[in-house]
Amino acid sequence: MDEQNSPAVFVKDLWFAYNGYPALENVNLSIPRGDFVSVVGPNGGGKTTLLKVILGLLRPTRGEVRVMGMTPEQARPRIGYMPQYTQLDPLFPATLMDVALMGRLGRGGLFGGYSREDKNVVSEALKQVGLYELRKKSFSALSGGQRQRLLIARALACEPDLLLLDEPAANLDAVMETDLYQLLRTLNERLTIMMVSHDLGFVSRIIKSVICVKRKVLMHPTTEITGEIINDIYGSPMRMIRHNGEGDSICSNL
């Protein structure tokens with residue numbers, strides 16, 4: 001596949017199983033460069049597994065995966081990844097700069113340590129998420145929303161072309177969640193973004209496509225998503241609600 005003109009993510013006839021139990025079945029997927037996709041589905045449906053396969057952390061049982069025309073392993077330096085659970089002790093005496101610099105690991109010189117270029121790149125990433133002025137503060141002093149922004153800065157520190165986010169809005173209140181999505185919309189001006197969400201709601205004027213994962217995978221433009229499609233994925237009654245012109249959210253009737 002031509003790297004220059006290839007999709008950001010291309011998956012063909014992919015299967016993945018844990019100890020013989022299928023987690024993903026016959027997945028075919030093509031995500032154009034510059035897209036902003038939300039990955040939705042029930043718990044255990046395969047959302048995080050799909051991200052890890054794309055990142056090359058898991059090998060498919062069979063099938064093909066290409067990221068910007070390369071294997072996931074080859075493309076990994078161009079992928080920024082924010083995992084669902086990050087093991088960072090809030091009491092560990094690390095500054096914001098220290099945490100964000102973790103995104104440069106593996107890029108250091110022969111004798112380790114961070115270069116001036118590393119620090120410049122990380123400073124720019126902190127500016128993009130609005131945390132540069134707090135760079136010398138302790139990680140433990142941050143609010144929940146600021147911590148999520150910092151972890152995005154860490155993912156941006158590798159200067160990615162593709163940003164993979166696993167439930168970045170988890171445990172955020174409505175105001176912080178809105179701020180986070182506005183940040184992601186700005187980043188989408190230059191990055192392809194793939195975001196797993198456990199929340200059924202999404203803002204249709206920000207998200208361009210929705211990937212529904214329940215072992216099998218279906219991709220839809222946001223404009224095509226209906227309550228019936230979500231009912232099929234989640235197996236419970238859903239309805240579409242308009243929120244002050246900000247787009248549609250999918251909410252349970254139960």
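Which residue lies over the face of Tyr132? Lys127 does, at 4.9 Å from the ring centre of Tyr132. The legends below describe this and other close-up views of a predicted model.

**Figure 1. Overview of the predicted protein chain.** The model is a prediction. The protein chain contains seven helices and 11 strands. Of its 254 residues, 47% count as buried. Among contacts between residues at least 6 apart in sequence, 64% join residues at least 24 apart. The structure holds zero disulfides.

**Figure 2. Charged side chains over aromatic rings.** Lys127 is placed over the face of Tyr132, and the distance to the ring centre is 4.9 Å. A further view shows Arg147 with Phe139: the charged end of Arg147 sits over the ring, 4.8 Å from its centre.

**Figure 3. Helix H4 and its packing partners.** H4 covers residues 116-128, 13 residues in total. From its first C-alpha to its last the helix reaches 19 Å, close to the 18 Å expected at 1.5 Å a residue. Its buried residues are Asp118, Val121, Val122, Ser123, Ala125 and Leu126. These buried residues pack against helix H3 (96-101) and helix H5 (144-156). After H4 comes Gly130, which has a positive phi near 75°.

**Figure 4. Helix H5 and the elements around it.** The end C-alpha atoms of H5 are 19 Å apart, which agrees with the 18 Å that its 13 residues should span at 1.5 Å a residue. Buried positions in H5 are Gly145, Gln148, Leu150, Leu151, Ile152, Ala153, Arg154, Ala155 and Leu156. The buried residues of H5 pack against strand S5 (79-82), H3, H4, S6 and H6.

**Figure 5. The largest nonpolar core.** In soluble globular proteins, nonpolar side chains tend to be buried together. The largest nonpolar core in this model has 39 residues, and those with the most contacts inside it are Leu150, Ile152, Leu184 and Leu187. Two or more residues each come from strand S3 (36-40), H3, H4, H5, strand S6 (162-166), helix H6 (174-187), strand S7 (192-196) and strand S8 (209-214). H5 gives the largest share, six residues. With neighbours within four places in sequence left aside, Leu187 is in contact with Gln128, Ile152, Leu156, Leu163 and Ile193. A second, separate core has 31 residues, among them Leu24, Leu50, Leu55 and Ala75.

Figure 6. Zero disulfides are present in the structure.

**Figure 7. The aromatic pair of Phe16 and Tyr18.** The count of aromatic pairs comes to one. Phe16 and Tyr18 form this pair, with an edge-to-face arrangement: the ring centres are 4.7 Å apart and the planes make an angle of 80°.

**Figure 8. Gly45 in the loop between S3 and helix H1.** The loop that holds Gly45 runs between S3 and helix H1 (47-55). Is Gly45 buried or exposed? Gly45 is buried, with a relative accessible area of 4%. Not counting residues up to four places away in sequence, Gly45 touches Ala23, Val213, Lys214 and Arg215. Gly45 and Ala23 are 22 residues apart along the chain, and their C-alpha atoms are separated by 7.1 Å.

Figure 9. Asp13 lies in strand S1 (residues 9-18). Its phi is near 50°, a positive value in a residue other than glycine. Asp13 is partly exposed, with a relative accessible area of 37%. Asn26 belongs to strand S2 (residues 21-31). Although Asn26 is not a glycine, its phi is positive, at about 50°. The relative accessible area of Asn26 is 41%, so Asn26 is partly exposed.

Notes
Residues are numbered from 1 along each chain as its sequence is written. This is a predicted model: local features need pLDDT of at least 70, side-chain atom pairs count only at pLDDT 80 or more; totals for chains, interfaces and linings use all residues. Side-chain values use heavy atoms; hydrogens and water are left out. Helices (H or I, at least four residues) and strands (E, at least two) are DSSP runs, numbered from the N terminus. The expected span of a helix is 1.5 Å times one less than its number of residues. Buried means under 20% relative accessible area, exposed over 50%, partly exposed in between (1.4 Å probe, protein chains only). Contact means heavy atoms within 4.5 Å. A nonpolar core is a set of buried Ala, Val, Leu, Ile, Met, Phe, Trp, Tyr and Cys residues joined through side-chain atoms within 4.5 Å. A disulfide is a pair of cysteine sulfur atoms within 2.5 Å. Rings of Phe, Tyr and Trp (its six-membered ring) pair if their centres lie within 6.5 Å; planes under 30 degrees apart count as stacked, over 60 as edge-to-face and the rest as tilted. A charge sits over a ring if NZ of Lys or CZ of Arg is within 6 Å of the ring centre and within 35 degrees of the ring normal.
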